[in-house]
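Hi everyone, thanks for making the time.

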Amino acid sequence: MGTKLNPVAVTFLGCFLLFPLVLSASDDGLMRIGLKRRRLDKNSWNAARLDLNEGKLLMRPSAGMHNLNGNLRDSGDSDVVALKNYMDAQYFGEIGVGSPPQNFTVIFDTGSSNLWVPSAKCHFSLACYMHPRYKSSHSSTYKKNGKPADIHYGTGSISGFFSQDHVEVGDLIVEDQEFIEATKEPGITFLLAKFDGILGLGFQEISVGNAVPVWYNMVNQGLVKDPVFSFWFNRNAEEEEGGEIVFGGVDPSHYEGEHTYVPVTRKGYWQFDMGDVLIGGKTTGFCAGGCSAIADSGTSLMAGPTTIITEVNHAIGAAGVVSEECKAVVAQYGETIIQKLLAKEEPHKICSEIGLCTFDGTRGVSMGIETVVDGKNKKVSGRLNDAMCSTCEMTVVWMQNQLRLNETQDRILSYVNELCSRLPSPMGESAVDCAGLSSMPNVSFTIGGRVFDLSPEQYILKVGDGDSAQCISGFTALDVPPPRGPLWILGDVFMGQYHTVFDYGNLRVGFAKAA
């Protein structure tokens, strides 16, 4: 996925060794690539937290996290990839590059569009020595390119140069595929990763160097029956089989009932419009007027607006971080916000009217302001100013939702203060009590007019085994401003429950209950 964008994703490192892959082509004209899954363990989780904490410093869009060498169509497109964190990935497959094929384990990632693998010319990054490296001199079909390439993610980066060679995916051979030979893989992310590289399945619009994606060449070279591919993830942790990606169509044994299809609204990622998000069948308010979403096989979790994630944390009892800025806004402006809402003032203008944001014509944006914090006059600017503005806008949504339920002012102020204490951790994770799953509500997403439910057993992830096991919420905060956002990233937690079809020919995405 990786928007990434603002936040992102709780990270999981696993210890499962990959077994030989099952590659099969059948009489139905479909190419099936077996995926293997790794389990989550506490040690690797803790190691991943260190890298995520460091990477958070680089997650602001202004930091230029995604260098597309001039090929990025607009700055909004950099957000998602810039926040991708592949350390949380659990599903991998195998490909071959060159003739004869040199094998690599890759993530099939619908949230990016390039293919890259470690290069034999990578001499100064320890991560390269922990994985197979592509040797161009060993391939009879190699063609030199040499154009530099550079991709920065939320918790890792790679740089190198483009080359061209045949790529083997199952029994399919994609000829003259442009890909990146990674010569630098700094940081802990790729050092500890259980995969060697990434095979992007997004659109060419977000491809670094404008390289033609592998999937495009599969279609253009007539290698697949139909311009469609689909994912089935096996979420049964007791089974060895991790799942399957099918190129050329869908396997009816992977799903139940009919798919609900929605059109791709913005090429680049597999992005579509999504409706309301429900907690226990009740609206959260924030996406009632619609949000955007991305189906992202390269992200394990569900990433969404902090406003909603905080409500989810409150409903499931997830431990968050007390936000003094949030409570300061409620204490100083809470009653004023309620009165303005009762007076039917436009909600999206309230924070600018009380001086915490400035109105840009569609929404509030941060500004330098004078305010009172802990009884002292202070100039608020930079990160604190951003926090006050965004916190105010979240508070408006929360209070508006409570007023619809006819709650009293005292109850509303108390509830919003509780939400302040449930704001997601800056490090992304939100721990929950493993014994409390039975009392947690369903969280549901409205897509194409249909409600897709996730039960607690489906959105809570278990890290480790036995008495020392830890339960982690499958939701993490991600704030993407308009026009790209508000945005949800529907990762493996969602795609594991709902078989997902990526229909390139008709530019649509489909979901059905996974078999």
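This is a predicted model: local features need pLDDT of at least 70, side-chain atom pairs count only at pLDDT 80 or more; totals for chains, interfaces and linings use all residues.

Let's start at P100, which sits in the loop between β3 (91–97) and β4 (102–109). Most peptide bonds are trans, and most residues other than glycine have a negative phi. Keep that second part in mind for later.

Let me zoom out for a second. How many helices and strands does the chain have? There are 11 helices and 30 strands. Of the 515 residues in the chain, 58% are buried. The chain exposes about 19600 Å², with carbon and sulfur atoms supplying 50% of that.

Now, back to phi. Is K344 buried or exposed? Its relative accessibility is 75%, so K344 counts as exposed.

Further along, have a look at N406, in the loop between α8 (382–404) and α9 (409–420). N406 isn't a glycine, yet its phi is positive, at about 60 degrees. N406 is exposed because its relative accessible area is 69%, and the cut-off for exposed is over 50%.

Next, a bit of surface. L126, Y129 and M130 make a nonpolar patch of about 350 Å². You'll find L126 in the loop between β5 (115–118) and β6 (143–153). With 56% relative accessible area, L126 counts as exposed too.

Last stop is V264, another loop residue, between β12 (255–263) and β13 (271–274). Why does V264 count as buried? Because its relative accessibility is 14%, and buried means under 20%. And what does V264 touch, leaving out residues up to four places away in sequence? The list is F203, Y269, W270, Q271, L507, R508 and V509. There's also N506 to look at: V264 and N506 are 242 residues apart in sequence, and their C-alpha atoms are 8.9 Å apart in space.

Definitions and conventions. Residues are numbered from 1 along each chain as its sequence is written. Side-chain values use heavy atoms; hydrogens and water are left out. Helices (H or I, at least four residues) and strands (E, at least two) are DSSP runs, numbered from the N terminus. Buried means under 20% relative accessible area, exposed over 50%, partly exposed in between (1.4 Å probe, protein chains only). Accessible areas come from the Shrake-Rupley method with a 1.4 Å probe; for residues, only the protein chains shown count as cover. Contact means heavy atoms within 4.5 Å. Patches are made of residues with over 30% relative accessible area and no salt bridge: like charges are joined within 9 Å, nonpolar side chains (Val, Leu, Ile, Met, Phe, Trp, Tyr) within 5 Å. A salt bridge is a side-chain nitrogen of Lys or Arg within 4 Å of a carboxyl oxygen of Asp or Glu.
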